[in-house]
Amino acid sequence: MTASVLILNGPNLNMLGSREPEIYGSETLADIEESCVARGEGLDLKVDFRQSNGEGELVDWIQEASGNHAGIIINAGAYTHTSIAILDALRACGLPIIEVHLSNIFQREEFRHQSYISPVAEGVICGFGGHGYCLALEAIAKIVTTRV
Ligand code: DQA
């Protein structure tokens, strides 16, 4: 059976393409979703790709993930640096988690160096733009198939 991966995107990522293109590039979130679905097909993974500006909605989706998905790839946007609620939900869900950022958060402001998600993530991919999501899918495919 094809495993499903939940890809979550946090606030302002719906603005990709027009939002600070010098930092985030010109790809839209729809472009990234399209690449993820295609890469998922190659890896025999179903991709459920979502975006919300709301912390609570992201928490709800994480709570609903166990039983429905084999893993979570998350770019929580600014909530990465602030949200204990998302950390708690991720910790409780029991699924493998990969953290993704388009930009290299360590080259940026000091406040972006702190992530509440990294302690519960298998790994972190940042600085490769939209391609980072495909790299995360490859990483999660390996984890999902070796843990079955
Ligand atoms: C981001 C980095 C965050 O610091 C920022 O708040 C974002 C996007 C990234 O993908 O590089 O919204 O998660």
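A residue is called buried when its relative accessible area is under 20%, exposed when it is over 50%, and partly exposed in between (1.4 Å probe, protein chains only). Cysteine 93 counts as buried because its relative accessibility is 10%. The structure is a predicted model, in which local features need pLDDT of at least 70, side-chain atom pairs count only at pLDDT 80 or more, and totals for chains, interfaces and linings use all residues. Residues are numbered from 1 along each chain as its sequence is written, and side-chain values use heavy atoms, with hydrogens and water left out.

A disulfide is a covalent bond between the sulfur atoms of two cysteines. Here the term is applied to a pair of cysteine sulfur atoms within 2.5 Å. By this rule there are zero disulfides. The closest cysteine sulfur to that of cysteine 93 belongs to cysteine 36, and at 18 Å it is too far for a bond. Cysteine 126 is in no disulfide either; the nearest cysteine sulfur, in cysteine 134, is 16 Å away. Cysteine 126 is buried, at a relative accessible area of 17%.

Helices (H or I, at least four residues) and strands (E, at least two) are DSSP runs, numbered from the N terminus. Helix H5 spans residues 131-147 and has 17 residues. From first C-alpha to last, H5 reaches 25 Å, close to the 24 Å expected at 1.5 Å a residue. That expected span is 1.5 Å times one less than the number of residues. The buried residues of H5 include Gly132, Cys134, Leu137, Ile140 and Val144. Among the elements that cover the buried residues are strand E1 (3-9), helix H2 (29-42) and strand E2 (45-51).

Serine 103 lies in the loop between strand E4 (97-101) and strand E5 (123-126). Its relative accessibility is 7%, so serine 103 counts as buried. Contact means heavy atoms within 4.5 Å. Neighbours within four places in sequence aside, serine 103 is in contact with Ile23, Tyr24, Arg108, Cys126 and Gly127. A polar contact is a pair of N or O atoms within 3.5 Å; within protein, one must be able to donate a hydrogen and the other to accept it, and residues adjacent in sequence count only if both atoms are side-chain atoms. The side chains of serine 103 and arginine 108 make such a contact, at 2.9 Å.

Ser103 and Arg108 are also among the residues that surround the ligand. A polar side-chain atom of asparagine 75 lies 2.8 Å from a ligand oxygen atom.

Note on methods: A residue is near a molecule or strand if one of its heavy atoms lies within 4 Å of it.
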